[in-house]
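Please look over the chain shown here. Take a moment with the sequence before reading on.

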Amino acid sequence: QEHKLLFLRAEEFDVERAAQKLVKYWDARAKIFGTDRAYLPLTLDGALRDDYEALKQGVWRIAGKDAYGRTIIFADPSR
């Protein structure tokens, strides 16, 4: 329920736009993770299970927060 509310809030409670955004979100997850993992939780035991080694090696870095308080994450392929 909370997940759906996030999409409604993002679209200022415009149900049609929120529904379109929700569909795009799940389409993107299916494209990124494949349909076998797209609907699993985004955890190391779920959809990210095959990415554990890359995450452990420090390829992904947290760079701090932007002016709006959002976490900035970047990839460092040199690691």
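The report below goes from the whole chain to single residues.

## Ground rules

This is a predicted model: local features need pLDDT of at least 70, side-chain atom pairs count only at pLDDT 80 or more, and totals for chains, interfaces and linings use all residues. Residues are numbered from 1 along each chain as its sequence is written, and side-chain values use heavy atoms, with hydrogens and water left out.

## The whole chain

The protein chain holds 3 helices and 2 strands. Along the sequence, their pattern is α-α-α-β-β. Helices (H or I, at least four residues) and strands (E, at least two) are DSSP runs, numbered from the N terminus.

Of the 79 residues in the protein chain, 15% count as buried. Buried means under 20% relative accessible area, exposed means over 50%, and partly exposed lies in between (1.4 Å probe, protein chains only). Now take the contacts in the protein chain with a separation of 6 or more: residues 24 or more positions apart account for 0% of them. Contact means heavy atoms within 4.5 Å.

## Where α1 meets α2

Two packed helices are described by the angle between their axes and the distance between the axes. Here, α1 covers residues 2-10, and its axis comes within 8 Å of the axis of α2. The two axes cross at roughly 125 degrees. That angle makes α1 oblique to α2. Axes are lines fitted to C-alpha atoms, for helices over the stretch in contact, and angles run from 0 to 180 degrees between N-to-C directions. Angles under 35 degrees count as roughly parallel, over 145 as roughly antiparallel, 65 to 115 as roughly perpendicular, and the rest as oblique.

The crossing of α1 and α2 is right-handed. A crossing is right-handed if the near helix is turned clockwise from the far one by less than a right angle, and left-handed if anticlockwise. Which residues make the contact? From α1 come H3, F7, L8 and A10. From α2 come V15, A18, K21, L22, Y25 and W26. By class, the contact has 8 nonpolar, 1 polar and 1 charged residues. Ala, Val, Leu, Ile, Met, Phe, Trp, Tyr, Cys and Pro count as nonpolar, Asp, Glu, Lys and Arg as charged, and the others, Gly among them, as polar.

## F7 in helix α1

F7 sits in helix α1. Is F7 buried or exposed? F7 is buried, because its relative accessible area is 10%. Leaving aside neighbours within four places in sequence, F7 touches A18, K21, L22 and Y25. F7 and A19 are 12 residues apart in sequence, and their C-alpha atoms are 7.6 Å apart in space.

Most residues other than glycine have a negative phi. E12 has a positive phi, near 50 degrees, and is not a glycine. F13 also has a positive value, about 65 degrees, and is not a glycine. E12 lies in the loop between α1 and α2, and F13 is in the loop between α1 and α2 too. E12 counts as exposed because its relative accessibility is 69%. F13 is exposed, with a relative accessible area of 52%.

## Two buried arginines

R29 lies in helix α2, which spans residues 15-33. R29 is buried, because its relative accessible area is 8%. The side chain of R29 makes a polar contact with the side chain of Y25, at 2.8 Å. A polar contact is a pair of N or O atoms within 3.5 Å; within protein, one must be able to donate a hydrogen and the other to accept it, and residues adjacent in sequence count only if both atoms are side-chain atoms. The R29 side chain also reaches the backbone oxygen of L40 at 2.5 Å. Beyond neighbours within four places in sequence, R29 is in contact with G34, A38, Y39, L40, P41, L42 and A47.

R37 is in the loop between α2 and α3 (52-56). R37 counts as buried because its relative accessibility is 10%. Leaving aside neighbours within four places in sequence, R37 contacts A47, R49 and D50.

## A63 in strand β1

A63 belongs to strand β1, residues 60-65. A63 is partly exposed, with a relative accessible area of 47%. Leaving aside neighbours within four places in sequence, A63 is in contact with I72 and F74. A63 and F74 are 11 residues apart along the chain, and their C-alpha atoms are separated by 7.0 Å.
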